[in-house]
Amino acid sequence: MSLDASPRETLIEVRNLSVHFPIRQKRLFRTDVQMLRAVDDVSFDINRGETVGLVGESGSGKTTVGRAILRAIDPTGGEVIFHSATGDIDLAGASEEELRKVRSQLQMAFREEGGVAVQNLAGEALRAFRPRMSLVFQDPYSSLNPRMTVRDIIAEPLVASGLMRNRDEIDERVRDIAARCKLNLEHLRRFPHAFSGGQRQRICIARALVSKPEFVVCDESVSALDVSIQAEIVNLLKDLQEEMGVSFLFIAHDLSVVAQISHRVAVLYVGKFVEYAPTEKLFFTPRHPYTHALLSAIPLADPDASFEPIRLQGEIPNPLKAPSGCRFHTRCPFARERCSAEAPDWREIADEHFVACHFADEFDFSRPNLNAAE
Ligand code: SF4
């Protein structure tokens, strides 16, 4: 589980991010609009060259957080600040006038304290900025166009963003990233149907990294793969991070995979963060009852260690009808009267260890026998 200490230079600051979707419900004589709070007031940061794991049950809002950071969907509130130089923006074939316009749009989104407010980007400035952020999808089968060759699939972000137009330069970039992703260069002329799931996911990763992004969201990117292939892809992502210095937001529901790759881990429940800490702290000394329940479901390698997964009662609540107070109170084995009346503060309970629970100081969920599972 142990990774090197988390790198320190902040790349992305997420401040009070919220994503609400209006849901129309038809009644007999009227239509009501309710707000689905998919993500509610989430704050965290991601350092340069760091992997942050994001875990939670299906429907907790993990994918929405990732897509809102990438501006694939527009946030309802909050800010995403991307700390990146704006001077080296380039669009192949663009005139000096066009580039000047893009740079001035970027300047308008630039914050005094440094960084670009991603939600303020629009038009050409957003298009010029997009190659710095990328996404690896979950399903390596449906995310590749069966009618395109592997070369064209990998080259697509360069062409679509206008980053490169010279065919020889594009080919050179595609060959370079394909080799880094351990793809056989002979395969660049083939079509996706000729490849296994693991090879397809390498193609997806090459496509995501071809524009040399500084930040990539991996959305359940190994969930559809066999366990042995999962390990290969996780090791590939770690190697690429070391070579290219890229930061990852690694979204998954399998905590044991998240532990292998993440420097820090955030736990999400019904659109809210409940805990965020360096990986070892979160796995060895969780402070939130929900994290404790998730971790208890990971089998230990030690046959003598007791394995008693905590069975949470009921289903994850519908975000349209999120419970009052602490959203976890309807399933929490430790809930008290205060929990349904008052939402817990998001606070730093130990160095770099954040939690949202009224009674976190009273709980001891330490897992001393976890060493045996490594
Ligand atoms: Fe459980 Fe209450 Fe803590 Fe929420 S605030 S996690 S309901 S003890």
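**View 1. Five aromatic residues gather into one cluster.** In this predicted model, Phe 44, Phe 273, Tyr 276, Trp 346 and Phe 354 make up a single aromatic cluster. The count of aromatic pairs comes to twelve. Phe 273 and Tyr 276 are both buried.

**View 2. Phe 334 and Phe 365 make another aromatic pair.** Here the ring centres are 5.7 Å apart with 50 degrees between the planes, so this pair is tilted. Now look at where the two rings come from. Phe 334 belongs to the loop between helix 10 (289-296) and helix 11 (337-341), while Phe 365 belongs to the segment after strand 12 (353-355), so the pair ties together parts that are 31 residues apart in sequence. Is Phe 365 buried or exposed? Phe 365 has a relative accessible area of 7%, so it counts as buried. Phe 334, at 32% relative accessibility, is partly exposed.

View 3. Helix 5 runs over residues 167-180, which makes 14 residues, and its first and last C-alpha atoms are 20 Å apart, close to the 20 Å expected at 1.5 Å a residue. Which residues of helix 5 are buried? They are Ile 170, Asp 171, Arg 173, Val 174, Ile 177 and Ala 178. These residues cover an arc of only 165 degrees around the axis, so they lie on the same side of helix 5. Why do residues three or four places apart point the same way? An α-helix has 3.6 residues a turn, and that's the reason. Over on the other side of helix 5, you'll find Asp 168 and Glu 172 exposed. The cover over the buried residues includes helix 4 (150-161), helix 6 (197-209) and helix 7 (227-244).

**View 4. Zooming in on the ends of helix 5.** After helix 5 comes Lys 182, which has a positive phi, near 60 degrees.

**View 5. Strand 6 is covered on both faces.** In a regular strand, side chains alternate between the two faces of the sheet. In strand 6 (residues 133-136), Met 133 and Leu 135 are buried on one side, and Ser 134 and Val 136 are buried on the other. Next, find the partner: strand 6 runs parallel to strand 7 (residues 215-219), and four bridges join the two. Opposite Met 133 you'll spot Phe 215 of strand 7.

Notes
Residues numbered from 1 in each chain as written. Predicted model: local features only at pLDDT ≥ 70, side-chain atom pairs only at ≥ 80, totals over all residues. Heavy atoms only, no water. Buried < 20%, exposed > 50% of the residue type's maximum accessible area, 1.4 Å probe, protein only. Pairing = 2+ DSSP bridges. Expected span 1.5 Å × (residues − 1). Arc of directions from axis to C-beta. Contact = heavy atoms within 4.5 Å. Phe/Tyr/Trp six-rings, centres within 6.5 Å; stacked < 30°, edge-to-face > 60°.
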